[in-house]
Every structure is written in C-alpha cells, then in structure tokens.
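Dear colleague,

Please find below the structure that I am handing over to you. My notes on it follow directly after.

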Amino acid sequence: MTTRGVLYVHSAPRALCPHVEWAVAGVLGTRVSLDWIRQPAAPGTWRSEFSWQGRPATASQLASALRGWQMLRFEATAEPSATAEGERYSCTPDLGIFHAVTGIHGDILIPEDRLRAALVRSQAEETDLESEIAKLLGKPWDDELEPFRHAGEGAPVRWLHQVV
C-alpha cells in the first residue's frame with residue numbers, strides 16, 4: 001500500500017539546503033533536487049515544499065532524517081491509507097518535534113492514555129487542562145509555524161514519487 005504526503009521545509013539556512021535534499025533523497029531512495037525560494041518570514045533562510053508518494057511510514061522517516069538540525073523548521077504529513085492512519089510531524093528549533101495521528105478528515109486523533117495523563121497532570125495542579133489539550137493538539141507548534149506557512153502561500157509544489 002502507498003500513501004501521499006507533503007514535506008514543507010518552512011525555513012532553512014542556505015548552507016543546510018543541500019543536506020536537507022540528501023536526507024530526503026536517502027528516505028525516498030531517489031535523487032532529489034528541491035526548488036528553494038527565499039523565506040520572507042525569516043530573512044536569510046529558504047523554504048521549499050513538495051509532495052511525495054510512498055509507504056505509509058515515509059512521513060515518519062522524513063521527520064527522523066530532518067529532526068536533529070538546528071535552525072530548521074519543517075512539517076511532514078501523510079494521508080491516511082487503507083492500512084495506516086495519517087500523520088503529521090511539526091518541528092521547530094525551540095520546541096523540537098511534535099507528532100500527531102490524523103484521521104481521514106485531517107482531524108488530530110489523541111490516544112486515550114495521553115488524554116488520561118493530561119487530566120491527571122491538570123488535577124495534580126501541575127498545569128491546567130486547557131494547556132495540556134493545546135499541547136496534545138500541537139498548538140504551540142502551530143503558533144510558531146503560522147508566520148512561515150503564510151509566507152509560503154503561492155509557492156510552487158513538486159510531486160516526488162518514492163522509488164521502492
């Protein structure tokens with residue numbers, strides 16, 4: 001089974017761009033040459049996005065390949081397939097990586113044990129329930145990435161098909 005997804009590199013320093021391409025090529029198993037454009041939300045950085053088709057685990061592999069680099073902001077998504085739920089990974093230098101499982105309509109699906117843990121933390125007065133739920137939904141990552149998303153509206157998108 002295959003699925004489709006999108007990798008959004010929201011901002012990367014110019015020197016990091018070839019390394020991002022090499023990492024993506026390693027995951028997809030084919031040569032990758034991304035179309036980079038300037039990122040106006042962070043002068044001196046570049047952005048790119050492309051769509052891919054491959055195994056359901058591809059978004060996870062892309063996130064793992066890119067997550068260790070400072071100054072890199074990205075999101076990797078995968079649509080649900082017949083054998084797997086969808087996924088969304090978001091990463092920022094300040095917050096690190098966020099992972100969410102997504103349903104067929106793009107909604108974030110929160111596992112029961114994570115909801116229970118959030119409730120326990122809020123009842124122990126470590127935090128409030130609203131903050132806990134915001135973290136489970138990725139709100140801090142969305143808040144940080146939103147200016148970078150808007151700066152990319154109208155950017156060209158390329159389709160890459162995974163070679164298996």
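Leaving aside its neighbours within four places in sequence, which residues is Val24 in contact with? They are Leu7, Val32, Phe50 and Leu62, where contact means heavy atoms within 4.5 Å.

Please note that this is a predicted model, in which local features need pLDDT of at least 70 and side-chain atom pairs count only at pLDDT 80 or more, whereas totals for chains, interfaces and linings use all residues. Residues are numbered from 1 along each chain as its sequence is written, and side-chain values use heavy atoms, with hydrogens and water left out.

The core

Val24 is also one of the residues with the most contacts inside the largest nonpolar core, together with Leu7, Val20, Trp36 and Leu72. This core has 27 residues; a nonpolar core is a set of buried Ala, Val, Leu, Ile, Met, Phe, Trp, Tyr and Cys residues joined through side-chain atoms within 4.5 Å. Two or more residues each are given to this core by strand 1 (3–13), helix 1 (17–28), strand 3 (45–54), helix 2 (58–66), strand 4 (73–78) and strand 5 (86–92). Helix 1 supplies the largest share, 7 residues. Helices (H or I, at least four residues) and strands (E, at least two) are DSSP runs, numbered from the N terminus.

Salt bridges

A salt bridge is a side-chain nitrogen of Lys or Arg within 4 Å of a carboxyl oxygen of Asp or Glu, and by this rule the count comes to 12. In one of them, Arg149 pairs with Glu75, with the closest N and O atoms 2.8 Å apart. Because Arg149 lies in helix 5 and Glu75 in strand 4, the pair ties together parts that are 74 residues apart in sequence. Glu75 is buried, at 5% relative accessibility, while Arg149 is partly exposed at 21%; buried means under 20% relative accessible area, exposed over 50%, and partly exposed in between (1.4 Å probe, protein chains only).

Arg149 also meets Asp142 in a salt bridge (2.8 Å, N to O), and Asp142 is partly exposed at 22% relative accessibility. Glu75, Arg88, Asp142, Glu146 and Arg149 are linked in a network of salt bridges.

Within helix 5, Asp143 and Lys139 lie 4 residues apart, about one turn of the helix, and form a salt bridge whose closest N and O atoms are 2.8 Å apart. Asp143 has a relative accessible area of 47% and counts as partly exposed, as does Lys139 at 42%.

Glu144 is found in helix 5 (residues 139–151). Not counting residues up to four places away in sequence, Glu144 touches Arg73, Thr92, Pro93, Asp94 and Leu95. The side chains of Glu144 and Thr92 make a polar contact of 3.3 Å, that is, a pair of N or O atoms within 3.5 Å, one able to donate a hydrogen and the other to accept it, with residues adjacent in sequence counted only if both atoms are side-chain atoms.

The region around helix 4

Asp128 is found in the loop between helix 3 (112–123) and helix 4, and is partly exposed at 39% relative accessibility. Its side chain makes a polar contact with the side chain of Ser131 (2.8 Å). Ile133 lies in helix 4 (residues 129–136) and is partly exposed, at 34% relative accessibility.

Yours sincerely
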